Amino acid sequence: TDKNDLIVKSERTSNNQEINISPIGKRDGIIAKYTPDGLIEDIILLTGSANSDIYIRDIVKSDNGYIVVGSYTDSIVIPAEETTDNIEISLKSFGNADAFLIKYNADDMVEWARNIGGTSNDYIYKIAEGDGRYVINLHTYGNVTVENDLGGSFAINRTTYTGNAGYSSVIALNENGYALWFVPIDNNGYASAIANGMDINKNGVIVVGTSQGIAKVYSEYTVDGVELVTGSPGMNYGYTMFINEEGLVERLKSFNTNNSGGAQGGSGGLLDVIYTSDNGYIVSGGSGHLWGGITIPAQDTAHNQAIGLGVNGSGFIIKYDKNHLVEWAEATTEIAAFRTIKEIDNGVYIVAGNAGTKSIDTGIVGKYTEKILETEIPAQQLIEVPNYKKELNITTEVKVHDDGTKGGTISGEGELPYEVVVYGENATKEIIITPDENYKILTLTINDVAYPYTIEDDGTVRINLENVTENKHIVVEF
């Protein structure tokens with residue numbers, strides 16, 4: 001939460017009492033505890049100084065308690081009365097933003113806290129647990145020091161890596177939050193190769209991510225001592241990586257679509273992964289709007305048959321077996337991208353995305369049952385934050401004919417986005433649709449719904465969007 005008070009209305013709390021919290025720093029971290037029916041039991045505030053900026057990015061269960069990870073500036077201060085040994089814990093950032101891990105017990109008391117940082121910005125976005133160990137993704141822009149399990153530290157030095165937009169490292173931790181090993185992912189001077197999601201079990205760590213160019217692992221971090229490279233300069237790719245239990249990479253493979261762009265876009269890429277009981281795994285992500293649907297080639301499937309998910313702007317889930325071969329895959333245009341996946345029961349998972357949540361029954365090969373959660377409530381109704389403003393994207397597209405022609409133009413095509421609009425406000429840029437000579441408009445849709453239009457005297461169609469309350473994707477076919 002930022003400088004405004006955070007308010008939870010009484011009808012959203014388990015004891016029917018309103019919760020009103022005033023933050024201490026620029027932004028304070030929040031942990032909200034819910035009952036099974038979606039009511040808030042308690043809110044725990046993570047604070048520092050008046051200059052602190054604290055973001056909690058992810059949470060994982062741990063020994064009847066939990067670990068939270070994120071990033072902060074300036075400091076984090078945990079009072080003595082909130083720690084298990086009754087001693088105050090204070091973290092101080094080394095430079096700009098530093099990453100942190102904090103372990104809470106079942107009574108919400110802090111057992112330990114770890115700082116990871118250097119002279120630049122450092123972030124942890126994900127944490128996963130398995131077989132008594134943890135794995136995190138550290139994204140950094142400079143030199144970083146990480147405390148290890150031998151009483152010393154690992155140095156991850158910026159000078160080793162060539163990217164101009166930061167780089168990711170996958171780090172395994174023991175039960176006390178000390179590093180066992182790390183694997184940096186370079187990008188060979190292009191933009192970032194980001195590790196978005198990971199999971200860990202007794203066999204090793206599976207990683208998924210998005211590379212805006214090339215993803216590379218140097219030879220000292222691979223099982224064969226051979227440098228691994230995937231992707232292509234100037235392109236965007238999803239990728240999967242497997243790291244064995246000793247911290248050596250056995251596999252690095254790009255995840256391509258049926259064109260040159262890879263699985264990417266405004267909502268695209270491979271965004272999360274979770275192991276399954278058969279030692280396979282499920283990945284989730286999004287195909288993006290402008291880069292085509294997904295085609296999984298026959299040689300990458302368990303049944304040696306290509307799988308086509310030919311839809312743009314879709315969230316997808318893909319099941320791999322233990323040999324990294326695809327068993328089944330599904331996509332839906334209802335969700336722009338599935339950004340996270342969690343197991344809620346034996347063999348049942350919840351994936352959360354841009355436009356909602358769905359339940360997956362993995363017992364049905366190649367399919368999943370859909371169920372909108374009964375407890376699902378829009379975030380604006382759960383917590384009221386004064387002056388909250390949501391930014392929404394407007395994007396446009398012209399459908400391409402089989403012969404490669406389009407037959408016309410639309411304002412903003414190829415721009416991601418064409419315009420950003422604050423929730424509830426009007427767009428300021430007019431969208432002009434112009435057919436080429438001897439062409440006319442065949443279909444015009446906004447978010448896959450037919451849009452009524454009027455043709456102007458000059459043959460164009462003009463759209464002025466008002467009261468925008470969701471992302472808008474306008475598609476025209478001539």
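This is a predicted model: local features need pLDDT of at least 70, side-chain atom pairs count only at pLDDT 80 or more; totals for chains, interfaces and linings use all residues.
**Figure 1. Tyr-66 and Tyr-104 form a stacked aromatic pair.** The two ring centres lie 5.0 Å apart, and the angle between the ring planes is 15°, which counts as stacked because planes under 30 degrees apart are placed in that class. Tyr-66 belongs to strand β6 (residues 65-78) and Tyr-104 to strand β7 (residues 89-104), so the pair ties together parts that are 38 residues apart in sequence. Both Tyr-66 and Tyr-104 are buried.

**Figure 2. Tyr-123 and Tyr-125 make up another stacked aromatic pair.** Here the distance from centre to centre is 5.9 Å, with 25° between the planes. Is Tyr-123 buried or exposed? Tyr-123 has a relative accessibility of 18% and therefore counts as buried, whereas Tyr-125, at 32% relative accessibility, counts as partly exposed.

**Figure 3. Lys-103 is a buried lysine in strand β7.** The relative accessible area of Lys-103 is 2%, and residues under 20% count as buried. Leaving aside residues up to four places away in sequence, Lys-103 touches Ser-62, Asp-63, Tyr-66, Ile-67, Met-109, Val-110, Glu-111 and Trp-112. One of these contacts, Tyr-66, is also a member of the stacked pair with Tyr-104.

**Figure 4. Lys-429 lies over the face of the Tyr-418 ring.** In this view, a lysine is set against an aromatic side chain, with Lys-429 placed at 4.9 Å from the centre of the Tyr-418 ring.

**Figure 5. The structure holds one cavity of 30 Å³ or more.** The volume of the largest cavity is about 50 Å³, and its lining is made up of Leu-101, Arg-114, Asn-115, Ile-116, Val-146, Glu-147, Leu-173 and Gly-177. Which elements give two or more residues to this lining? They are β8 (110-118) and β11 (144-147), and β8 gives the most, with three residues. Sorted by class, the lining contains four nonpolar, two polar and two charged residues.

Key: Residues are numbered from 1 along each chain as its sequence is written. Side-chain values use heavy atoms; hydrogens and water are left out. On a 1 Å grid over the protein atoms alone, a cavity is a set of points where a 1.4 Å probe fits but cannot get out, and a pocket is an open set with protein on both sides within 12 Å along at least five of seven lines; lining residues have an atom within 4 Å of a point. Grid points are joined across faces, edges and corners, and a volume is the space filled by probe spheres set on the points. Helices (H or I, at least four residues) and strands (E, at least two) are DSSP runs, numbered from the N terminus. Ala, Val, Leu, Ile, Met, Phe, Trp, Tyr, Cys and Pro count as nonpolar, Asp, Glu, Lys and Arg as charged, and the others, Gly among them, as polar. Rings of Phe, Tyr and Trp (its six-membered ring) pair if their centres lie within 6.5 Å; planes under 30 degrees apart count as stacked, over 60 as edge-to-face and the rest as tilted. Buried means under 20% relative accessible area, exposed over 50%, partly exposed in between (1.4 Å probe, protein chains only). A charge sits over a ring if NZ of Lys or CZ of Arg is within 6 Å of the ring centre and within 35 degrees of the ring normal. Contact means heavy atoms within 4.5 Å.
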